[in-house]
Amino acid sequence: MLLKNTFSGGTDGASITSANSGGSSGNAFNLVSSSSAVSYSSTNATGSRAPLVARLTGNPTMAWDLALSGRTAYPRVYVYLPSYPSSNLDVVELDAGINTAAYIRITTTGTVQIVNAATSSAVTGTTTPSAIPTGQWVRIEARFTGATSTTGTCELQVFHNADSATATFTGSGSGQNFRTSAFTVISFRGLSGYTYYLDDVAVSDTGYVGPDQVSVSLTPDTLTGVWALPAPAVSLGTEAAPATLTGSWSLPDPEVTVADGLTAVNPDLLTGVWELPAPTVEAFKNVTVTPDTLAGTWEVFDVVAGVPVNPGDKLTADGQIEWNGFLLGGGTPYSLQQFDGWVNDMPGLDSGNVPQPGRHGSYPGRKLAQERTVTLSGLIRVPRADMAQTVETLIAETPVLEDETELPLAVRILGTVYVGYGSVLRRAVPVDKQYRLGLGRYTLQWVLSDPVLLSQGLNSAVIGDGETQTLTNLGNAASYPLIRVPGPSTNPAVEIQRFGGDARVLEFGLTVPSGQTLVIDTYYGSVKLGGNDVISALSDTSVPVFDLVLAAGQSQVTYDGGGSAPEITVLWRHAYL
């Protein structure tokens, strides 16, 4: 049994009711109370949350009746908190018969916990040690197993990277009284006086639902529509043949971000010319002839965008390494013995200090990390007949590249995946007396020109014109966001202020036309509009583009688009040194 609702089949701004909650959104809710306090919304509906989410502004309840195959339920919710609630927010409620059995609760400090409703107490071991971040989507999953006595169990999983397969926190509890009958109702709830967002709610009785991610390819439906031309008026005493009627049409360019989050696929603005054969009009006396309005349909062929696999998606266990899609470590012929230079190891530093001429010591300077060198050593263990092919595969997958291109290196250690970009610097497979028996040693070494490692999950936030949001970089190094500013927008400006730090602003003296997007890539320091470099439009009061970073911790991001511009999208990954 699986019930699921994406909220994507509704109408932006409309109240959610039990009658309109089904269809393409998924399973309709059996009950929606206080429907005026819950609505479909495109705000914060980005990435796999698009095009609509649920906006809860009061104390509504959306509920499903349950018919479980047993006594275990696995709920899942995606939540977006603009701020922490002033009272405890019970996002998910499970009922057994007529009694409330348990809650998933977000506290006033942003921690998440399971609450035993029968005893009105938090289940020991299920409260997260730290707060979930605000200003981004977070996934919460849980398992509730009821019993006929006080032997019920539960588990809580919280994912700060909402679509990650690796939990930020996992905690469990036992010896719980979740009532003595099976779970019969699951509810998703709001809080009076507080606004937050929900999406992709689901419940299963067979196992954890897991993340909802976009597929690896996108094929939008054929774009069709109707055009019309004003009717030409002809008043002549002879045959008249008006000229061929022609015109142009355009569609706003579709916006697609590939799964690795580093490349935005933006097909060009779709334009073309349509044409109608010239109508022939015969007038045999001086009358006014008004042909009917000429109308027809046009069609644009499907736009197909290939989406590459996100680095690290192949990693299924700790101790695995993925090099440009090639898997090493546990579960492969290339076992891991030692791995050096990764996130636990700080790369070399250039001190930046300058010796003082008149006394001991130096003037302090900024410390900048050098390139990162990563070394993997391990064993090859295969049947002797497979040894030659196994080594040849390793050689083929670790070549010397023909240019300066750097490829993704992803590693999973203790449940966490980090990603860096580099190239192979060394490969060694010594030949000894055991080599012919299918036993060998190998060493691989990579050099990463940028020593900063990134989280696998890509975070996103949507910020309205004139709004400020708090974004969180969970790493310990500056993260370089990609900012997408859709038109129409006049003299757009983006400000980032770290808590307790200075404010940095990018302001552009230009107009972003409707249907186009200004793309600000702070990592490469580039600014493009319609494929053209427009960095020259940067104002004199702006910082260099690559200085607009999300520092470690929380930052406030403000957008000014001229007063009524569409929302911008900010994409970033947590960064580690």
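What share of the protein's contacts with a separation of 6 or more comes from residues 24 or more positions apart? The answer is 71%, where contact means heavy atoms within 4.5 Å.

Before clicking around, note that this is a predicted model: local features need pLDDT of at least 70, side-chain atom pairs count only at pLDDT 80 or more, and totals for chains, interfaces and linings use all residues. Residues are numbered from 1 along each chain as its sequence is written, and side-chain values use heavy atoms, with hydrogens and water left out.

**Whole protein.** Show everything as a cartoon and you'll have one helix and 50 strands; these are DSSP runs numbered from the N terminus, helices being H or I with at least four residues and strands E with at least two. Of the 577 residues, 47% are buried (under 20% relative accessible area; exposed is over 50%, partly exposed in between, with a 1.4 Å probe and protein chains only).

**Asn 161.** Select the loop between β12 (152-159) and β13 (169-176) and pick out Asn 161. Asn 161 counts as buried because its relative accessibility is 17%.

**Thr 180.** Next, go to the loop between β13 and β14 (185-189), where Thr 180 sits. Is Thr 180 buried or exposed? At 53% relative accessibility, Thr 180 counts as exposed. Beyond four places in sequence, Thr 180 is in contact with Arg 71, Ala 147 and Thr 148. Arg 71 is 109 residues away along the chain, with 10.0 Å between the C-alpha atoms.

**Phe 546.** Select the loop between β47 (532-533) and β48 (553-560) to find Phe 546. With a relative accessible area of 46%, Phe 546 is partly exposed.

**Confidence.** Finally, color by pLDDT, the predictor's confidence in each residue, from 0 to 100. The mean is 86, and 83% of residues reach 70 or more. Select residues 257-265, though, and pLDDT is below 50. Where pLDDT is low, the predicted coordinates should not be read in detail.
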